[in-house]
Amino acid sequence: MKLFGPKYPEEVASRVPPGQRLVKGWPVLHYGPIPTFDGVSWDLEVSGLVENPYTLAYAELNALRTPDVTADMHCVTGWTTLDNDWEGVRFRTLAEKAGVKPEAKWVIAHCEYGYTSNLSVEAMMDDDVLVAWANRGEPLAPEHGFPLRLVVPKRYAWKSAKWLRGLEFVDHNKRGFWEVRGYHIHADPWVEERYSYQEGPRAELEP
Ligand SMILES: Nc1nc2c(c(=O)[nH]1)N[C@H]1C(S)=C(S)[C@@H](COP(=O)(O)O)O[C@H]1N2
Ligand SMILES: [Mo]
C-alpha cells in the first residue's frame, strides 16, 4: 500500500501554486450583494491618463471580442481551479483603443458598489488578461460577475474584479478594496504574496 503518494499527477501539481489546493466546481466568493444588470444604462468606462477616454455599451464591447483564453484561477483562501475558458476582450485591446499615456503606470478596476482593485499597467498588458462575459461558452452567472468581470490569471483572484464598470489609468498606485484590508498589493500566487505585511517598504512602486 502506498501511503505517501503524490497528491496530484505531476503535470497537474506543477500548475497548483504553493499553499493552494485543487477544487471541483467553481466556488463563489465576494463581499456584499450581487448587483442586477440594467442593459439600458450599463456601460464600461475607460478613463484617466489616456489620449481617448471612451465608454462602451454592452453590444459595442461584445463587438470587440478577441480570441478566448484558457486560464487557471487561484483564490487567496486556498482554492485553485484549472482550465477555465473565458470569452471576452483582451485588456490590451481596450488599452490600445484608448491610447495609454506614458505616465500611466497603474490601473484601477472600478466595480458596482464601489469595489476596486489595482494592478500595474505592465501586469495588465499580459496576453491572458481580459474582461470576460462568458465562461465555458455560457454567459457568466450573476454571482460570477455578470455582465462583465476582469480575469487576471497570474494574480490572486481578488484582482479578478466582478461586475466591472470602469478601467482607470493613473500615475500612482492605489490600494483597492482588499488591498486596504490587509491583502498584498501585487498578489502573485507563485510567490505567495497573500498579505500586506509581507510587502517590502516600497511595494506600491513595483509592478
Ligand atoms: N466586485 C467584486 N469582485 C470580486 C470580489 C468581490 O468581493 N467583489 N471578490 C474577489 C475574490 S476574493 C475572488 S476569489 C473572486 C472569485 O470569483 P468567483 O466568485 O467567480 O469564483 O472574485 C473576486 N472578485
Ligand atoms: Mo478570493
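**Ligand 1 and its surroundings in a predicted model**

Good morning. Ligand 1 is surrounded by 20 residues, the closest being P27, Y31, H144, R149 and K162; a residue counts as near if one of its heavy atoms lies within 4 Å. This is a predicted model, in which local features need pLDDT of at least 70 and side-chain atom pairs count only at pLDDT 80 or more, while totals for chains, interfaces and linings use all residues. Residues are numbered from 1 along each chain as written, chains are lettered from A and ligands numbered from 1 in the order written, and side-chain values use heavy atoms, leaving out hydrogens and water.

The shell around ligand 1 comprises 15 nonpolar, three polar and two charged residues. Here Ala, Val, Leu, Ile, Met, Phe, Trp, Tyr, Cys and Pro count as nonpolar, Asp, Glu, Lys and Arg as charged, and the others, Gly among them, as polar.

Let me turn to the polar contacts, meaning pairs of N or O atoms within 3.5 Å. An oxygen atom of ligand 1 is 2.5 Å from an N or O atom in the side chain of K162. For the side chain of W26, the corresponding distance from a ligand oxygen to an N or O atom is 2.9 Å. At L29, a polar backbone atom is 2.8 Å from an oxygen atom of ligand 1. How much of the ligand does the protein bury? Of the 530 Å² that ligand 1 exposes when taken alone, the protein buries 98%, by the Shrake-Rupley method with a 1.4 Å probe.

Now the chain itself. The protein chain has four helices and 11 strands, taken as DSSP runs (helices H or I, at least four residues; strands E, at least two). Two backbone features deserve mention. The peptide bond from F146 to P147 is cis, with omega near 10°, and P147 lies in the loop between β9 (138-139) and β10 (149-151). A187, in the segment after β11 (164-170), has a positive phi near 70°. Thank you.

Technical notes:
A polar contact is a pair of N or O atoms within 3.5 Å; within protein, one must be able to donate a hydrogen and the other to accept it, and residues adjacent in sequence count only if both atoms are side-chain atoms.
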